[in-house]
Amino acid sequence: MNARTGLSKSSADLIIENARQVVTLQGHSREPACGHQMDELGIIEDGAVAISQGKIVAVGQTSFVNERFSSKNRINATGKVVMPGFVDAHTHFVFAGSREPELEMKIKGVEYLDILKRGGGILRTVHDTRATSKQQLREICKVRALTLLAYGTTTIEAKSGYGLTLEDEVKSLEVIRELNQSIPLTLIPTFLGAHAIPPEYANNVSEYVDRICDDWIPEIARKKLATFCDVFCEKGVFEIDDSRRILETGKRNGLLPRIHADEFYPLGGAELAGEVGAVSADHLLNMSSRGLGSLKHAGVIATLLPAAPLTLMIDKYPDARSLISNNVPVALGSDLSPSCWIENYQLILALACYKLRMTPAEALTAATINAAHSVRLADQIGSIEEGKNADLLILDANDYRLLSYRPGGNQVNTVLKNGIPVVREGKPLQ
Ligand SMILES: [Zn+2]
């Protein structure tokens, strides 16, 4: 019984209390934060979070939570930040091998699309991924997943796209499904058969698009292996008409559209994103003003990937300021892949600040609740609110801005996935 309120207390499985800051990101579970909302984090000082059966059951000041809940399990977060787990809204997660010789090619000025024409880039990784068994691939990806978790990422969008045969795309998506059942990281599967044109179809793009649309998408949908269908919409790869056909076919088969848009050329990918009602348009380095209008009109989330131009050695970054001032919701992604091998999502937040001139608060919003919208899970994750999954981070920091201010380190001490500690002292427990 609570002496002051006269109410009996409920029992919680765990209470995290006395946090210097609980960064709640509350109020945006239905619609993503946009404009000035991205700068408002809903911070509670001297905050606490109560958790039961994997869900958040209370959040507020420590005294408020302790008046309502009791628990034998407590974490004292004095001097620390408690925040939602990171959501990485764009990864090319399933791949084998690595491509370190390409770093020297990039330094010498060989452009990405030229590396691709020489059989490098994506096609090198396609070769390595095809040559890897499903079991080996799952083990490679498991290690990778636990590394992401140690840096505070609790949910990722995970694309296929290094198989480029039906068999190898299914293999990649099955790896994602199996990992979802065996590790404490949520992976949202995206079919990206239209990632590159495989060597077998080098001179016959339209036949490859036929295969994807007529055979692969229906089969992948039938097996329920993907939530999203994505396309690398780019000049000389999958141009607008092919991209439209692939995304529309995905939609008819129940796969939600997302798109690699206007990364290298202003091809009209953002306009197409609006036209097909894509959930997310990603990259957007060369988006036109019409494209921006299309995203805004159709409510498409702009998922920005600040590490992509960095690792491509392009001195051009997406115009986050213009997207935010035009009320287009912005999310972040790592673009984790063999050409952008960044497992530390905290570094992505820092790049969003240092290169895209987003504020630390905007970066944090983009990396949590807006990224949750980008993967269509904002009703379950991305903020600290009653009823949501207890995917939480406790930082070795007394201010959330340190995440962006100190690039490259790991400020995550503890990670809870569905209320269960899975990382302590920055180390995975699995
Ligand atoms: Zn990508």
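A cavity here is a set of points, on a 1 Å grid over the protein atoms alone, where a 1.4 Å probe fits but cannot get out, and its lining residues have an atom within 4 Å of a point. The structure holds two cavities of 30 Å³ or more, where a volume is the space filled by probe spheres set on the points, joined across faces, edges and corners.

This is a predicted model, in which local features need pLDDT of at least 70 and side-chain atom pairs count only at pLDDT 80 or more, while totals for chains, interfaces and linings use all residues. Residues are numbered from 1 along each chain as its sequence is written, and side-chain values use heavy atoms, with hydrogens and water left out.

Here are the two volumes:

| Cavity | Volume |
|---|---|
| Largest cavity | about 180 Å³ |
| Second largest cavity | about 40 Å³ |

Around the largest cavity sit 18 lining residues, and His92, Tyr112, Asp335, Ser337 and Ser339 lie nearest its centre. The second largest cavity has Pro84, Gly85, Asn389 and Asp391 among its lining residues.

Now to the packing. A nonpolar core is a set of buried Ala, Val, Leu, Ile, Met, Phe, Trp, Tyr and Cys residues joined through side-chain atoms within 4.5 Å, buried being under 20% relative accessible area with a 1.4 Å probe and protein chains only. The largest such core has 124 residues, of which Phe93, Ile246, Ile259 and Leu295 touch the most other members. Apart from this core lies another, of 16 residues, including Leu14 and Ile44. Phe93 has contacts (heavy atoms within 4.5 Å) that include Cys141, Leu148, Lys159 and Leu336, leaving aside residues up to four places away in sequence.

Technical notes. Buried means under 20% relative accessible area, exposed over 50%, partly exposed in between (1.4 Å probe, protein chains only). On a 1 Å grid over the protein atoms alone, a cavity is a set of points where a 1.4 Å probe fits but cannot get out, and a pocket is an open set with protein on both sides within 12 Å along at least five of seven lines; lining residues have an atom within 4 Å of a point.
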